[in-house]
Structure formats: C-alpha cells, structure tokens
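Visitor: I would like to learn how to read a few local features in a model. Could we begin with a helix pair?

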Amino acid sequence: MRVPARAAGVLVPAALYGLLGLLRLAPVWRAPNTLVQCGCGDPAFTMFYLGWTPYAVTHGHDPFFTDWLFFPSGVNTMWNVTLPLPGLLLAPLTWGWGVVLSYNVLVALAFAGSALSAYLVLRRWAPWRPAAFAGGLLYGFSPYMVGQGLGHAHMLLLALVPVLLLLLDEVLVRQRRPVWESGPLLGAAAVAQLLTAEEVLAGAALVGALGLVVLVVLFRDGIRARWRRAAAGLALAAGTALVLALVPLVNQLTGPQRLVGTVNSPDQYHADLLSWVVPSRLVKFAPAAAVRFTDGFSGNPAENGSYLGVPLLLAVVAVAVLLWRRRPVVRWAVVLLVVVMVLALGPSLSVGGDETGVPLPFQLVHHLPLLESLISVRLSSYAVLLCAFLLAVGLDALHQLPVPRWRPRAAGLVAGLAAVVALLPLLPAQLSYAVQDAGVPPWFRSAAAQQRVPAGSVLVTVPAATPTDAAAMVWQAEAGYRFKVPFGYSLHPDAQGTGRFPPEPSKFLTVVSRVGRGTLPVLSPADIVTMRTDLARWQVRTIVVTMPDTPQRAAVLEVLGRVTGRAPEPDTGAWVWYGLDPAALDRLPAGPALRLAG
C-alpha cells in the first residue's frame, strides 16, 4: 500500500527519531521493567513521582502535596519536578508494569519527541524535509540532551518548546488564525509545560520575552501594524494560562510546605566561553586533552552540554551572512542566539574554567521573581533550538539554489554534505547509556508488603532514601505506595523556609547510617532513647532492613533490636519488624551501652 506523501513526511521522521530514542537506552529493552540507567539519585526521584500523581488522583489524595515522603511534614510537589502531566499520560504503563518501565519509556520519548516536535515546527520556515529533519536531529540529540539524559529526565522534556515558538510566531508575527484561537492555544501549551517541567517553562518565558524585545527593536515598523492583535493574543494566552494553572500555582505559592528564596545557586552551573567550541566527554570526537580541559568547566557531565562545535557555528555565521537581508527571521534568530549564549554563561564570565569576575547580564535575570532559581547553563537548550532553526533555514535555502539542468540533485547533495559536516562533531560518545538492575528488593513486591503493612502507615527502610541514594523511593513506588516514610529526596523547607533536599537531621538516621558504615563502635543508652523518640514521633509501624549480608548489617539489626525491644522476622530476603507500637517504645528500658563488633 502506498503511503501518502503528507503522512510519510511525518511517519518517516517519527520512526527514525523513535529508533534513535530507543537506541539511547538500547540495553534496557531486554528487561525494561527491571533495568534502568540508575535506580538512585535523580532517576529514583523521577520514578517515584511518575507513579505518585496517578496514585494520588485515583486514591483521592492531593496531587500537589504529599506526606508519603518526609512524614509528617510532607512535600509541596509543585516546588519539585514531579512531572504530573507525563505521570498521568504514562499511568497505564505504570499500573501495568511499574515505574521503572515508565521511566525508560519517558526518556526514550523525550529524545524522539523533542526531535519530532522541532522537525514539524521547523517546516514552517524550512519546507524541505531533509533540512527540517537535520534541525530536529540537532535539537533532539544534541550534547545538551545527551548530558541531561544522564539523570535529569525533566530537562529532556522539550517537545513543547518548539510548539511555544510556533504559537508565539502566530500571535506576534503571522497572525493568520483568529486571535481567540491562537491566544488560548498558547496559554494551554504554557500550562502543559508547567505541568511537565516548570523550570523549562521559566526558561522558555525568559527567552520568549527576550525574543519579543529583539523583535520590537529590529522590526519596529512592522510591529506597529500588528501590536493590537498581538496584545490581544498575549492577553488571551495569559488569561487562559491563569485559569488552567490556578489550582497548581495557588498550591505552590500559598499551600503547605511552600518555599522562599532561591532553590538553585545561579553560579553553580554555567557555560564557559570555550565550552561552545571545545568538545567534552559527551561527544565522540573529543581528544583526551579536550576532555580533561572541559571536565574542569562544571565538574558535572550532565551540566556540561553546551558544546555546539566550530562547524555548526560557522554554518550559523554563513546563514547569517547570506540570508541577513533576504530573511528577516534570520536576523531575529541570530541576535537572539547571541543573547541566549551570553545568558548561558551565568552571572560572571568564565574562560577555560577560570572565573574572570567580569559581570554578565544573567546577574540581572536571576533576581527576577520566579527566575531566581534558573540554572544558567540549561539555557543552552534554547541556543541549540535557535541553531537548529538557522541550520534548517540555511539548508533549505541551499537546496533551492539554481543548478544546471543536467545536475538536478546537486544542490540537495551539497546541502546534505553541509548538514553532515555541521552535525558530525556532535555525535554522542556512546550511542547508548550504561544501565543496571534497578535493585528493587523482592520484599517490596511481595504479598507480605501488601498484607502485613497497614495501608497508609509509616515505614522506615534501611537504607533510607537520601539525595545521595534515593533508591528507596523506587521501592516505595514499586510497593504501590502502600506506606509513608519519614525520609526522602525532595525539596522541602527548613526552619527559615529555604528549600533543602536532605531529610531533617535525626538521631535515628545518623546512628543507622554510621552503624551501616561501621563507624560507630558504641551506642549509648541516651542514643537508644532518642532513636525511640524519633520512631514514636514519626508513628512508625514497620521497619525493613534490606542491606546485604555483611557485619554492618548484623550491627544494624542488633541496634534496631535494642531500639524496638525485639528481634526482626526474616521475610522475602529482608529483615522486618512488623506491628510496632509507637506509644509503647517509650516504656522500654534503655539498658546498658551497646558495644558493636567491627
């Protein structure tokens, strides 16, 4: 059966991008509900929340607040990257096969979906499909995406950003659709991004506002004829967004456990002046010297993805020179690209990893409301989008060059070669990420977890979930959110209302952690009493120890036996204290000091 050309123009790129997205996680597809990049840290955080929103919605809980973590104080989920919209969309997969599979599918779709979205949007300005395909390939699989894909799944969810660009163009420039249609569509897309990744929306709003300023400065005469309709469209967009986002925003700004101040330090991660042109370990063609050099830029490979490469930047310059007069949109994109690249450098200029102290415009931006927690280097994703735009427009123009009749495909071949030269330096160092078993202890998927743990009661896992190892959050999700925990990895306020990721300090967690590391030889009676007080304050009914068989585990079991007043039960590969009575713990004798072996 012959596929219509219009359908092929979508299906073929979608299939190619989809295969590349699957390839990024190629090893996991052998067992996609047990294998994952890492069951710890940020991936574990994401997996927990992918399951939390559908669980909350279907069980009558508030999806924007949960005390399933950090019980009893809880977490305001809107201050965290909880991915409520992706969580709802992936709910059937989560319910059927678990959060590990949903996470893997989310990452693969993030790569492919971002690329496909860019391809479809870029065709407005670059009708030649191979040109738009090259732009989509750059946007969806750039070093920025490869770096963020190491664990920051929320920063991969960029499919709506090109859509926002398209809708802004319609509202501000083209104005061919009714304003009552394009304005609300823009507002709805913004809210969809809010419920996907709020940080991405904040960056998009900043870049969009700067794009509007550039538009007004460059094309004042054209704006005069369009400003009334543009203002009406933006007003409708703002009104629609306010109505649709009212509940989550009210919860975020006035609800329980809300935060004040800055979440991220503005100078923690920023692009370096040389990071745009010196290859990092994220790309294949990076000499060892370059890798050592760029490793000093941020110290975090996930945040070192601003590399664009000399060939791509030269292609952008060539497009700017050749099309500056003929294509007004090229002028706009080039100027905005420069602005975004400067902002991505952060509050002060860094050259070759050395801070110069020279102030940059980002110092003004990060003091603005709702933008104070932007991580500057992540604005490089918008630089990638603008480069993808200019590359696609340039390739399309190259394809349209007149050629002799006897060489009808020469222009297309030249454009294809130009695309290869521009994009080849950005080839990822590894086509696939390394993966491992998610490491969910069998007990959490067992019948005992469902039958012997009271629904909604408080349970303590050993090891507990912390920012350095949040695997226990995956275990909690895989147990169907049967229980709450007093620990976790999420932003929650300290005494001053400032956001912090680790659990509140407690004697229980400190002692168990030190015993687990073998660094606490003696436990005093006072420590035992304080640990019991912690368990009673948290209303703990169950304790589960899933440590491997080591002397440290034996010491932890001995300590918890003294604290609870009884021995645990071996159950499905774990050691479990069922049916604890928090009120009875204070009546237990403290006993003598406990000397631990090893």
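Guide: This is a predicted model. Start with the handedness of a packed pair: here α6 passes α17 in a right-handed crossing. The contact is formed by Ala131, Ala132, Ala134, Gly135, Leu138 and Tyr139 on the α6 side, and by Ser381, Val384, Leu385, Cys387, Ala388, Leu391, Ala392, Leu395 and Asp396 on the α17 side. Sorted by type, the contact residues are 12 nonpolar, two polar and one charged.

Visitor: At roughly what angle do the axes of α6 and α17 cross?

Guide: The axes of α6 (residues 129–140) and α17 (residues 380–399) cross at roughly 165° and come within 8 Å. Angles over 145 degrees count as roughly antiparallel, and α6 and α17 are therefore roughly antiparallel to each other.

Visitor: Which cysteines are joined by a disulfide?

Guide: Look for two sulfur atoms within 2.5 Å. Cys38 and Cys40 are joined, with S to S at 2.0 Å, and the count by this rule is one disulfide. The angle about the S-S bond is 95°, and the link of Cys38 and Cys40 is right-handed. Cys38 is buried at 18% relative accessibility, whereas Cys40, at 26%, is partly exposed.

Visitor: Where are cis peptide bonds found, going by omega?

Guide: Read omega for each peptide bond. The bond joining Phe71 and Pro72 is cis, with omega about 10°, and Pro72 sits in the loop between β2 (65–66) and β3 (75–76). The bond from Val462 to Pro463 is also cis, with omega near 10°; Pro463 belongs to the loop between β7 (457–462) and α20 (471–478).

Visitor: Which residues other than glycine have a positive phi?

Guide: Among them is Gln257, with phi of about 60°, in the loop between α12 (227–254) and α13 (288–298). Gln539 has phi near 60° and lies in the loop between α22 (525–538) and β12 (540–545). Gln257 is partly exposed at 22% relative accessibility, and Gln539 is partly exposed at 45%.

Terms used: Residues are numbered from 1 along each chain as its sequence is written. This is a predicted model: local features need pLDDT of at least 70, side-chain atom pairs count only at pLDDT 80 or more; totals for chains, interfaces and linings use all residues. Side-chain values use heavy atoms; hydrogens and water are left out. Axes are lines fitted to C-alpha atoms, for helices over the stretch in contact, and angles run from 0 to 180 degrees between N-to-C directions. Helices (H or I, at least four residues) and strands (E, at least two) are DSSP runs, numbered from the N terminus. Angles under 35 degrees count as roughly parallel, over 145 as roughly antiparallel, 65 to 115 as roughly perpendicular and the rest as oblique. A crossing is left-handed if the near helix is turned anticlockwise from the far one by less than a right angle, and right-handed if clockwise. Contact means heavy atoms within 4.5 Å. Ala, Val, Leu, Ile, Met, Phe, Trp, Tyr, Cys and Pro count as nonpolar, Asp, Glu, Lys and Arg as charged, and the others, Gly among them, as polar. Buried means under 20% relative accessible area, exposed over 50%, partly exposed in between (1.4 Å probe, protein chains only).
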